[in-house]
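Welcome! Please take a look at the sequence and the 3D structure below before reading on.

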Amino acid sequence: MTETGSRTPPTFEQLRTMAGQELGVSEWTTVDQHRIDQFAECTGDHQWIHVDPERAKRQSPFRTTIAHGYLTLSIIGALALGMGIVPENTQAAFNYGFDKVRFLAPVRVGARIRLRTTLLSMEDKGPGQYLMKAANTVEIEGEQKPALTAETLVMLYERRKRAGA
């Protein structure tokens, strides 16, 4: 299941048997200065290495601004949704947390990143409720080292069937 684009999402039944399999690879997305500045505004993190291109050019070891690590981490959710890995009959999906987050390489302004996701487990948490654990790697186009790796935990709620339906 590695192709991006329009495809049928897996069912809950299928996901239960897919531990260890790659769920997909997202489309590339560009991390531009506008996106970095918006993140800085939302979080109040205006550190110069993120928001001051002139100073970064002079003083940063990267010679340009870089994305906040937490910005890169936060993009995982949108990229995963774009891959179509959430089962079609999902009523709700909630972030449950992260395990083993590692920031491995900076994302320079203008870089393109994508997400590669492998299912680690699907744990039954009650009727129609599942905890999906996935290994995620955010890749940087043209670079060997990924921006980050993180295990995501997502609580999925299956849409209930109506009585008599």
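What follows is a short tour from the whole chain down to two of its residues.

This is a predicted model, in which local features need pLDDT of at least 70 and side-chain atom pairs count only at pLDDT 80 or more, while totals for chains, interfaces and linings use all residues. Residues are numbered from 1 along each chain as its sequence is written, and side-chain values use heavy atoms, with hydrogens and water left out.

**The whole chain**

The chain has five helices and six strands; helices (H or I, at least four residues) and strands (E, at least two) are DSSP runs numbered from the N terminus. Its C-alpha trace spans about 65 × 30 × 30 Å along the principal axes. Of the 165 residues, 37% count as buried, where buried means under 20% relative accessible area, exposed over 50% and partly exposed in between (1.4 Å probe, protein chains only).

The UniProt record, an unreviewed entry, places the feature "domain: MaoC-like" at residues 18-128. UniProt positions are given in the numbering used here, feature names are shortened, and annotations may be inferred rather than shown by experiment. That span is 33% helix and 32% strand, and its end C-alpha atoms lie 18 Å apart.

**Two packed helices**

How do helix α2 and helix α5 pack, and at what angle? Helix α2 (residues 33-43) and helix α5 (residues 69-83) meet at about 100 degrees, with axes 10 Å apart. Axes are lines fitted to C-alpha atoms, for helices over the stretch in contact, and angles run from 0 to 180 degrees between N-to-C directions. The two helices are therefore roughly perpendicular, since angles under 35 degrees count as roughly parallel, over 145 as roughly antiparallel, 65 to 115 as roughly perpendicular and the rest as oblique. Arg35, Ile36 and Phe39 of α2 make the contact with Tyr70, Leu71, Ser74 and Ile75 of α5; contact means heavy atoms within 4.5 Å.

Thr72 is found in helix α5, and Asn136 lies in strand β5 (residues 129-140).

| Residue | Relative accessible area |
|---|---|
| Thr72 | 4% |
| Asn136 | 3% |

Not counting residues up to four places away in sequence, Thr72 touches Ala67, Val107, Ile113, Val138, Ala147 and Leu148. The side chain of Asn136 reaches the backbone oxygen of Ala134 at 3.1 Å. A polar contact of 2.9 Å also joins the side chains of Asn136 and Thr152. A polar contact is a pair of N or O atoms within 3.5 Å; within protein, one must be able to donate a hydrogen and the other to accept it, and residues adjacent in sequence count only if both atoms are side-chain atoms.
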